[in-house]
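Subject: Structure for your review

Hello,

Please find the structure below, with the sequence. Notes on side-chain contacts follow.

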Amino acid sequence: MLYHAYELQRSWMNSASALASISSGMLSNPANPLGYMGMGPMVANALEVFAHATAHYGKPAFGIETVEIGGKAHAVTETTTLKRPFGDLLRFRVEGTPEDRPRLLIVAPMSGHYATLLRGTVERMLESCEVFITDWADAKTVPTDADNFDLDEYIDYLIEFSEHIHDEAGGQRIHMMAVCQPSVPAFAATALMNLHNSPATPATLTMMGGPIDTRECPTAVNNMAMQRPIEWFRQSVIATVPAKYAGAGRRVYPGFMQLNAFMSMNLSSHMMSHYEMFKHLTVGDDASAQATKTFYDEYRSVCDMTAEFYLQTVEEVFQKHSIPKAEFRHKGELVDIKQITDTALLAIEGERDDISGLGQTRAALKLTPKLPDAKKRYYMAEGAGHYGIFNGSRWRDKVAPVVEEWIAAHSG
């Protein structure tokens, strides 16, 4: 009944949001004298903030049309190069650039948000690479006849995507970048490709703010996973998709629950952001207000993940610590991280990351003793939080150049 109750509440809130938006528009209309007197402007702005905060958001578009390289704008073409039930492989081609540019596979998180959360990541890397990205599906839209999707299948998808890009590039070695949660499956997939001497083995793997070993500097997220047994998660946060969706009957961890968890972690900060938006609107600073709106348009766009993927991730990554303990198995095969001897590893962390604590990603470098030191690098982004290492000015000006340098040093 959890999902059904949410759908009912969402219907009510959509109506309230629409009414608030209409009322705000009426009060803001230049032809309405109430908009110029008394509390009229303030009420209009408050209604606009409420309408934005309660609206429902669907899947956003990447919308990357051009990228500037060397002071010149180049057109960008987005295509779907491989389609799979639980996720597609998107390609961004930059017109007028060399065909032999490095191929970079960006692995987007499957943690409640769409791949478009990495729009800024893709835009910046397009300046130097041909970019591919995993576009994970909203689990509630995947019919139940598509079977299940767990952590093992996630790893299989990454290997398949890597092989596809490698073959499409005529054998050119690819590069992989995993942002946050997918650092673990990307690390495992890389180990398996190294172990099996796959020609599609990435030349480099960049892991950014990933929970490789959550015993290092545990955060509130890590502590919550450790304090409750896996059955608690199974009983408390897993719901059944209602009949109105294509994936009716599928068991999922709903996106709306994930969003509530995200928001509750920093509730005061989110409330202050909306208050600041209200103040910007009141003084006529529409540009600043729009920046906040744009962020939350993306932040509130959430999707469901399959129950089996979520539960396996919680158990293996956050409770059993299977990867750092060298106990993780992929469909029965032991994933021996020590067999990574060919792929150069770059671990990036944010100094103020409150989701993946300092040391959790860097642990990957300690777990690969057979990899030469020349193929390992660690970078800490000073002053950056979790999102700052892959979005915003710190990402563009500080972090991205480190990634580009690493890729250039291990290409060819």
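Glu 99 is exposed, at a relative accessible area of 57%; exposed means over 50%, buried under 20%, and partly exposed in between, computed with a 1.4 Å probe on protein chains only. Its salt-bridge partner is Arg 93, with 4.0 Å between the closest N and O atoms. A salt bridge here is a side-chain nitrogen of Lys or Arg within 4 Å of a carboxyl oxygen of Asp or Glu. Arg 93 is partly exposed, with 30% relative accessibility.

On provenance: this is a predicted model, in which local features need pLDDT of at least 70 and side-chain atom pairs count only at pLDDT 80 or more, while totals for chains, interfaces and linings use all residues. Residues are numbered from 1 along each chain as its sequence is written, and side-chain values use heavy atoms, with hydrogens and water left out.

Salt bridges

The structure has 19 salt bridges. One of them joins Lys 59 and Asp 135, at 2.9 Å from N to O. Lys 59 sits in the loop between α2 (40-54) and β1 (66-69) and Asp 135 in strand β5 (residues 130-136), so this bridge ties together parts that are 76 residues apart in sequence. Helices (H or I, at least four residues) and strands (E, at least two) are DSSP runs, numbered from the N terminus. Lys 59 is partly exposed at 46%, whereas Asp 135 is buried at 10%.

Glu 404 and Arg 124 also form a salt bridge, with an N to O distance of 2.7 Å. This pair links distant parts of the chain, 280 residues apart: Glu 404 is in helix α13 (residues 393-409) and Arg 124 in helix α3 (residues 119-125). Both residues, Glu 404 and Arg 124, are buried.

Thr 219

Thr 219 lies in the loop between β7 (204-208) and α6 (220-227) and is buried, with 9% relative accessible area. A polar atom of its side chain is 2.9 Å from the backbone oxygen of Ile 355. Leaving out residues up to four places away in sequence, Thr 219 is in contact (heavy atoms within 4.5 Å) with Asp 354, Ile 355, Ser 356, Gly 357 and Gln 360.

Cysteines

How many disulfides does a search of the whole structure find? The count is zero, where a disulfide is a pair of cysteine sulfur atoms within 2.5 Å. Cys 180 is buried at 12% relative accessibility, and Cys 303 is buried at 6%.

Regards

Conventions
Polar contact = N/O pair within 3.5 Å; in protein donor to acceptor, adjacent residues only side chain to side chain.
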